[in-house]
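Q: I would like to go through this structure with you, one contact at a time. Shall we begin with a helix pair and then turn to the ligands?

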Amino acid sequence: MALQTSELRAPSAVAAVAYAAAATADSTTAIVHSAATATAGALIAESRRLAKLAQAVELGPLVAATAAGEAVSAVVDAPSLLKLIPVLRDAAQRKQALVLHVPVSSADDVSDVLAVRDAGCALLRSSSPQQAVDFALVASLAARRLAIPFVHCFPGAAGPVKVLAYAPFAEHVDVASYLDPAGAASEVTTAQLPAEAAHTAVAQAMALFGDHYAPVEYAGAPDAPVVYATFGTGPEPAGPTGLLQISLFRPLSPQALRAALPATAARIIALEQVTRQPTPWGPLLFDLAGALLPGDGAAQARPPILLDAVSTVAPAEFTAEQLARVTEHAKGLDSPAHFNPAEIAGIAEAAGAASVPLAGLSLEEQQQRVENIPYGQLLRELFGPRLHVANAAESQSIWGDARSSTTNPEFGFGRLAADERGRARLAQAVTAALRDVSVPLSKRLHAALNAWLGGKDSAGVATAELAAELGDLLAAERQAHPAIEAVHALRAHFARRSSWLVGADEWAYDIGSSGVHHAISSGLNVNMLVLDTATYPFVAEHKGAPRKKDIGLYAMNYGSTYVASVAVYASYTQVLQALLEADAFPGPAVVVAYLPHTNGVFSASYSPIEVLQQSKRAVDSGAWPLYRWDPTLAADQRFQLDSEKLRRSVEDFLRRDNALAAIGSAAPALGGIDSALETRARGDVDELVGGLRGPPLLVLFASDGGNGEEAARRVARQGRRRGMDVRCLGMDEFDVEELPFEKTVVAVVSTAGQGEVPTNGREFFKSLQSASVNLSETAYAVFGLGDSHYWPREEDAIFYNKPARDIDRRLAELSATRIVDVGLGDDQDADGWEAGFTDFEQLLWAALNIDVVGAAGQAEEDEEPKRTDEENKVISNYLRGTIAQAIADPSCGYVDEWDGKLLKFHGTYMQDDRDLRPERLARGEEKAFSFMIRVRLPGGIATPAQWLAMDRLADEHGNHTMKITTRQTFQLHGVLKRNLRETMRGINRGLMDTIAACGDVNRNVVASANPQQAHLQPEVAQLAADISSHLLPSTSAYHEIWLADELVAGGAEQTSSVEDHEPLYGAAYLPRKFKIAIAIPPENDVDVVAYDLGYIAILDSSGQSIVGYNIMIGGGMGMTHNNKKTYPRLASCLGYVPKDKAVIVAEKVMVVQRDHGDRTNRKHARLKYTVDDHGMDWWREQVEERLGFQLEAPRPYEFTRNGDRYGWVKTTRGLNNFTMFIQNGRVADLPGQPLKTALAEVARAHTGLFRLTCNGHLIIADVRDEDVGRMSELLAKHRLDNLDYSALRLHSMACVALPTCGLAMAESERYLPRLIDLLDAIIDEAGLRNDAIVIRMTGCPNGCARPYNAEIALVGKAPGTYNLYLGGSHSGERLNKIFRESVDEDQILQLLGPVIKQYALERNGGERFGDFVIRKGIVKATREGKDFHDV
Ligand SMILES: Cc1cc2nc3c(=O)[nH]c(=O)nc-3n(C[C@H](O)[C@H](O)[C@H](O)COP(=O)(O)O)c2cc1C
Ligand code: SF4
């Protein structure tokens, strides 16, 4: 049944509506709000956040109730609507039935109402008091059924309202069945047809009142060629015209419109009811166009309908004569219609509108006027006299030809910055005046100044009115005190202006040089409006190309800037909201605004329909997403996607995602299907996000050692800095079949093996060879890393950078477009691969023509400077970094690069099991990360308890093995990150530590362990311990991170209160590692000249005691294959010191290196290069100067050997030592050889000490006579006493290499035993089984097993391939020389066999193998490090 107004006895329409609103409520909150009394400025300022808006006085209850999720009905006035845009949007998103009733008379300008038309709400208008009440109910009911907000305009003036008692509406109509009609749900939720669903719901609600109403009604001639359209009441149609009266304006149903229009309608003339029209074409016109014009590619159902708009007021009051003029005017327009405001000037005048006719203005003035539309108008509308466009004065036309625009943000910014400074000065002056009680301020002035100071940043407080009032008061009182005068002088800054820089495309093209960066980075309250004028086809086609709106991304990346992307013709409401929010934002704000036009000039002659369509398509396609970004909001609210369609896609995706998750957990067997769906679903979002991000770039890499990956990540970083949407993946993580969908691909591939692809690119490479994909849509560039001398023979040149060249060729064969020629990085270049890479990068970015999105001056520098190792140390707060958090993070098994580097100083390295890498990569899993832990064990002395502690830790947390290292200590391998701390604590519980076992510090100090010199050993062992503790870093980080019961909150910053101090190292520690050894001639079991600093003990004439030491400096093994600037070097003698000066010498040598070592190039940072760079005399001077005394001349000594002496030895101290052979120092239980278990048993029985040797063997030391028998039995039981090996094996040594060492290029520890098996056959045949030849092997040229002073050395180059060196001295005092490069096992045997045999036959008596090969000219002797590479 219908309700009658008479039943309501309402004193006014407003009261009636308010009552009706309340009457629908079972659970509805009805709020009646008369005209807002708060200043518009305050509300606008507060409208930025919903929460804040709730505090706004009048709208507070409404906002609070809405925010609480209640169904709310309220009566508000039209101006308040603008402030309620965020509330409406929020309600729309939350599907909340909010209904706002707005009194609007037929003569009112409805701009404020129409301003909210894109807020996601329905717009309904009633035209009579009766309708007002009925439609109030319609709106309430439809809002609840559709779960969307409604704005209902009704005729009537706001005023006091009294809610009357009334029987519930539900008694009169069947509300329940309306709210839940059969099938309604499907109508309502049909996402594709929201307009139709809304239309149906409203029509059905109207039907509750009989057949009086329809959402869209037509009146007039049934065959009218011209139809007027109005929102609400219209003029009586006269003659052959009709009137389309639209009550439901949003959503506008195309079906209903078409159904209502007569088939004859050829023109529709929209009669707008707006005077303050910031756009040249009215909102009704646009909505009609949007509803009636076919979308992209849709079939045209009927001939095009011409759409014209008329800017005037009170459509209902059009006279017949005026209508006739308009009709006449419309007739003259060709299809498609062009709207020209000048042509309707007569009507505007006739209607008495405030708009100024353009007729009569000069062309330039007209253009100026038109060009100032629409964003400029909007700004003026919103901010009125507060608006301050700072760069306008310099611009002929800010809105004009964007590409030739001379607008200058820097100029404008300067003015704004000055303005801000002025305000700051004013605030200071006001504060000073208020604080100083001697300043005679009147009460009014005092109150006004206080009010201003309290709200100076709020536009609502710092109004022009208050400014004027303050100006007057100050003028009257300025003479009273200089402080008042000072405030008066700055009075121009009282009013808070809305400061804007307005610019166009070119700003976005070149952010860096435009000054936009300055504005953003200034942090000042500066707003920028940047127009983008590209037309839709351009935006769509260039979705993958550099886009101007990257300025928005750039600003977002900046983190502290408000950013919005808007399009006035796509969502007018969203523009308003964005501009209001930008103004209220207390820092820099950037609004990127879409304004499509052709030929670079925005012109009135440009069809409104085209602009509308352009905007719609750009927004709907995602090419121009609408969004707002407020960095001050909570993380999940910061980014608001306002594009309706995109938002729906995201919602759809999320729904699917949830569904997938549900299916996935319920039925894991569906995993495969799920992931396919998921991939597709994700594609939607990727596309969306891609649309927001910028042109896509895929960077693929294949790299074994990390160089290639580093290069790839640099390309990726650069891409991102250019605003590109970058993915960077290992090649095998990417499916070749997906390549056709990639627009731009950069492949970075290193060369492994013999011209092979690194492990993580092999599958990709294979698939690429056999793929039959068409890559005509894909552009690509390839960069290769290789070594032109890796395979030195000429015929092997084909292996140089082979994978890169192969991939480049194959991509071209598959029709991909080469962006630049394949780039090649060569290790042989002085700057390594980086040289080629720099060229490649430059060409790549130039060819892609994508500029850096960055700051002027700093941007170029393409490469974000990577943190250096030096910086890492310095900023680490004495080795803390973020280690504490990293090891506490259970989500991954690794730490980042920089914590990884710091961890070394704590004695641990991150590694991964390289045996498992390929499978793990193939499964997309994290590498099998684990940690190696190295103990600091000066002199290599451990108690049985310590041995057992390490043994237990190896089982509990390690890989069940221990390594006796070549520097006399224990290493555990395979410790997982989560066990790292517990393992460290275990080591410390065993009274050992790992401080400085690795890293750029003094490492473990080694000392001779030769039992035959047992009487001298305690002294050198003590010296090792003394030096070690003297040079120990003093940071408390180690204790704090590993041992403190409470983990520190961590981090360099947070713990900066810790006052650490490194008296010897300083914050940057040393340029590189620093190694010290002490030897007692004639035994050189420590290889004393292989280290940075060596002590050679000088004995007294009796040979029984040490008097002092020869100091050796500048030894070191590491080098890089083929890089002649790197080489091994043996230490040179600096002089002699008495033994009481030994420790201080260590300090001074280290300090010279600390101060003069090369900190710019880690490959040149070891002390050996500092020695060669400066010379020994310089070094002596430096050290002596610091010592304060002179070193004595070196004393004579002689070394005879550098191996260990095996077996039992009774020392002069009466104790017994057994030196046992442990192959390559690996203490492990192997089938049939339970070495680790056996040694644990020995440790449990042992009462003496363990001595670890620098050759990786073990001395059971200090066995009392009475224990020898028992110990011998134990050793025999486990065959630990077996020394029945060839002397070659007993003098062999290998580094760890694969699988744990990240640098290994070839096997070492796992391979050398087998090679020696094969060599033993040759040795045996040659009769040399008992002739010691020192043979060493390493997996890479870093030289951990000191290969370069061995008589035979094999240094890994590639899997199964080694460089073979010969000619080191048996005592370790001469470097060897390359004999053959890149040899495999067969070649090794073929090469060594004859030499060994020759040695057996032709050696002189006692001649060592190393000396023999030199005497025979098999290799040249290496005299010093610098000639190591000379052959
Ligand atoms: C085991 C191994 C084999 C190599 N083989 C070649 C080769 O055949 N051709 C080539 O040009 N470079 C070769 N190189 C040089 C590497 O490609 C070059 O050092 C590159 O920078 C390594 O990059 P990555 O760290 O990404 O693996 C080889 C390097 C290694 C370690
Ligand atoms: S020499 Fe090379 S491969 Fe061997 S452990 Fe040292 S770094 Fe690793």
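Q: Which residues of α44 and α45 meet?
A: In this predicted model, Val1149, Gln1153 and His1156 of α44 meet Leu1167, Thr1170 and His1174 of α45.

Q: How do those residues divide by type?
A: The contact of α44 with α45 comprises two nonpolar residues, four polar ones and no charged ones.

Q: And at what angle do the axes cross?
A: The axes of α44 (residues 1142-1156) and α45 (residues 1167-1174) cross at roughly 80° and come within 10 Å. Angles of 65 to 115 degrees count as roughly perpendicular, so α44 is roughly perpendicular to α45.

Q: Moving on to ligand 1: how many residues surround it, and which are the closest?
A: Ligand 1 is surrounded by 24 residues, and the closest are Ser703, Gly708, Ser750, Thr751 and Asp827. The shell divides into eight nonpolar, 12 polar and four charged residues.

Q: Which elements supply at least two residues of that shell?
A: Those are α32 (707-721), β22 (779-786) and β44 (1352-1358).

Q: Where do backbone atoms come in?
A: A backbone N or O atom of Gly708 lies 2.6 Å from an oxygen atom of ligand 1. Polar backbone atoms of Asp704 and Gly706 are each 3.0 Å from an oxygen atom of ligand 1.

Q: How much of ligand 1 is buried by the protein?
A: Taken alone, ligand 1 exposes 630 Å², and the protein buries 91% of that.

Q: What surrounds ligand 2?
A: The residues around ligand 2 include Cys1295, Cys1301, Cys1340 and Cys1344. Its shell divides into eight nonpolar residues, four polar and no charged.

Terms used: Residues numbered from 1 in each chain as written. Chains lettered and ligands numbered in written order. Predicted model: local features only at pLDDT ≥ 70, side-chain atom pairs only at ≥ 80, totals over all residues. Heavy atoms only, no water. Near = heavy atom within 4 Å. Polar contact = N/O pair within 3.5 Å; in protein donor to acceptor, adjacent residues only side chain to side chain. Areas by Shrake-Rupley, 256 points an atom, 1.4 Å probe, with all protein chains shown as cover. Helix = DSSP H or I, 4+ residues; strand = E, 2+ residues; numbered from the N terminus. Nonpolar A, V, L, I, M, F, W, Y, C, P; charged D, E, K, R; others polar. Axes fitted to C-alpha atoms, helices over the stretch in contact; angles between N-to-C directions. Parallel < 35°, antiparallel > 145°, perpendicular 65-115°, else oblique. Contact = heavy atoms within 4.5 Å.
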